[in-house]
Amino acid sequence: MILTGLQIKKEVGKGRIVIDPFDEKQINPNSYNFKLGKPIKLYTGKLLDPRVPNPIVEVELPETGLALKASRLYLGHIFERIGSNYFVPIMKGRSSIGRLGLFINITADLIDLGAIGCWTLQMHAIQPVIIYPGMLIGQMTFWRISGRPLLYRGKYQGAKGPMESLAYKDFNTK
């Protein structure tokens, strides 16, 4: 069951949902709008390999914006620290941003129970589009769980900015 915006606000007040900083103006009927943080990461290699760390460069989003090229992957992040030990957050793009041809999460919209951080956005533009730091770029919904909770303790816990793939760690487990 999805939480309403007013219930999200109540759960933030009770400390059962973390949204930091929290701005009441960003509440929607059943979600919370989040902002885009400043650092952006780009892979520099032409071929990405999940078995090894891939070379990456980090750039700071200027206040004047950054034009994203089509068919390129950009790793951004949510400005706010968001998560919960009681509700499952799901990240979605805002329809206003999607209508500009910008996808903010290619595949990873589900945030595990117990995961709290400034989550990475996997941004992909289908045509050139300008992004700005602090723009409202996506929304988070929160869902009630059923069953005994198992809290996330994985490799992306506590993310504070855009994180490149750590898939190579999955191959190096012995």
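Two strands are said to pair if DSSP finds at least two bridges between them. Helices (H or I, at least four residues) and strands (E, at least two) are DSSP runs, numbered from the N terminus. With that settled, I turn to the structure.

What you see is a predicted model, in which local features need pLDDT of at least 70, side-chain atom pairs count only at pLDDT 80 or more, and totals for chains, interfaces and linings use all residues. Residues are numbered from 1 along each chain as its sequence is written, and side-chain values use heavy atoms, with hydrogens and water left out.

I begin with a sheet. Strand β2 pairs with strand β13, residues 136-144, in the antiparallel sense over four bridges. Within this pairing, F34 stands opposite G138 in β13. These strands belong to an open sheet of three, in the order β2-β13-β8, with antiparallel pairing. Its edge strands, β2 (32-35) and β8 (87-93), each pair on one side only.

How many aromatic pairs does the structure hold? There is one. It consists of F22 and Y32, which are stacked, with 5.4 Å centre to centre and 20 degrees between the planes. By definition, rings of Phe, Tyr and Trp (its six-membered ring) pair if their centres lie within 6.5 Å; planes under 30 degrees apart count as stacked, over 60 as edge-to-face and the rest as tilted. F22 lies in the loop between β1 (18-20) and β2, whereas Y32 is in strand β2, ten residues apart.

Y32 is buried because its relative accessible area is 0%, while F22, at 29%, counts as partly exposed.

I turn now to charges. Side chains of opposite charge can pair when their charged atoms come close. A salt bridge is a side-chain nitrogen of Lys or Arg within 4 Å of a carboxyl oxygen of Asp or Glu, and by this rule the count comes to eight.

One of them joins R16 to E11, with the closest N and O atoms 2.8 Å apart. E11 is buried, at 3% relative accessible area.

Another joins K92 and D109, at 3.4 Å from N to O. K92 is in strand β8, and D109 lies 17 residues apart from it, in the loop between β9 (102-103) and β10 (116-117).

Key. Buried means under 20% relative accessible area, exposed over 50%, partly exposed in between (1.4 Å probe, protein chains only).
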